[in-house]
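Hello,

Here is the structure I promised to pass on. Please open it first, then read my notes below.

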Amino acid sequence: MKPIATLSLSLLITAFATPAAVIAAEPAKPLALRGIMQDLGRHMQTITLAIAHEDWAGVEKTAPLIAAHPQSPLSEKTRILSFIGTNLGKFKAHDHKTHEAAHHLMHAAQHQDGPAVISAFQSLQSGCLGCHQEFRKPFIQHFYGAK
Ligand code: HEC
């Protein structure tokens, strides 16, 4: 009898242990912010290609999608704000720089001014990079528990 009892006990443990193990192994649900960022990445690609085609109307049409990108839902915003804490000023400054550059990009495209488009595009990229260099790693560590 003993081996069977041991077996069923271990089955029982397995049955209860499995769901917990599955939950523990599941990666954290991605932030809505990540989807918003992926869209920004796609818009940047669209603009790069439009510049190559000197398709200024295409640049003009896409830049506002970056300048007025959607924001995280309120509950996520609260989580992000409480994590950022006293670094909020820095975070906002990166965001602001990016929005400004996207506006300049749109105006340069309206004037079909290629060099101005490229220079605005460069400031836009610096805006993205600035925030990523300062915040991406801490975000990933905090919200996804990754190293
Ligand atoms: C104010 C801060 C900030 C600015 C400005 C910013 N990002 Fe991000 N970005 C982040 C953070 C934080 C993450 C990490 C989010 C995550 O992994 O959940 C990220 C991640 C990304 C990712 C990776 C998404 C993935 O699938 O892992 C892409 C692509 C991206 N950003 C594109 C851009 C582009 C393009 C711009 C500029 C037009 C930009 N970002 C501007 C903060 C910013």
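**What I found**

Start with the ligand. Helix 6 gives the largest share of the shell around the ligand, nine residues. Please keep in mind that this is a predicted model.

Which helices each supply at least two residues of that shell? They are helix 2 (32-52), helix 5 (88-110) and helix 6 (114-144). The shell has 23 residues around the ligand, and Arg34, Met37, Gly41, Cys128 and Cys131 come nearest. By type, the shell splits into 14 nonpolar, six polar and three charged residues.

Now the overall fold. The protein has six helices and zero strands. Read from the N terminus, the order is α-α-α-α-α-α. Of its 147 residues, 14% count as buried. Take the contacts with a separation of 6 or more: residues 24 or more positions apart account for 64% of them.

Next, the largest nonpolar core. This core holds 14 residues, and Val59, Ala63, Leu105, Val117 and Ala120 touch the most other members. Helix 2, helix 3 (56-67), helix 5 and helix 6 each supply at least two of the core's residues. Helix 5 gives the largest share of the core, five residues.

Look at Val117 in the viewer. What does Val117 touch, leaving out residues up to four places away in sequence? The list is Ile51, Val59, Leu105, Ala108 and Ala109.

In soluble globular proteins, nonpolar side chains tend to be buried together.

Best wishes

Notes
Residues are numbered from 1 along each chain as its sequence is written. This is a predicted model: local features need pLDDT of at least 70, side-chain atom pairs count only at pLDDT 80 or more; totals for chains, interfaces and linings use all residues. A residue is near a molecule or strand if its C-beta atom, placed from the backbone, lies within 6 Å of it. Helices (H or I, at least four residues) and strands (E, at least two) are DSSP runs, numbered from the N terminus. Ala, Val, Leu, Ile, Met, Phe, Trp, Tyr, Cys and Pro count as nonpolar, Asp, Glu, Lys and Arg as charged, and the others, Gly among them, as polar. A nonpolar core is a set of buried Ala, Val, Leu, Ile, Met, Phe, Trp, Tyr and Cys residues joined through C-beta atoms within 7 Å. A residue is buried if 20 or more other C-beta atoms lie within 10 Å of its own, exposed if 12 or fewer, and partly exposed in between; C-beta atoms are placed from the backbone. Two residues are in contact if their C-beta atoms, placed from the backbone, lie within 7 Å.
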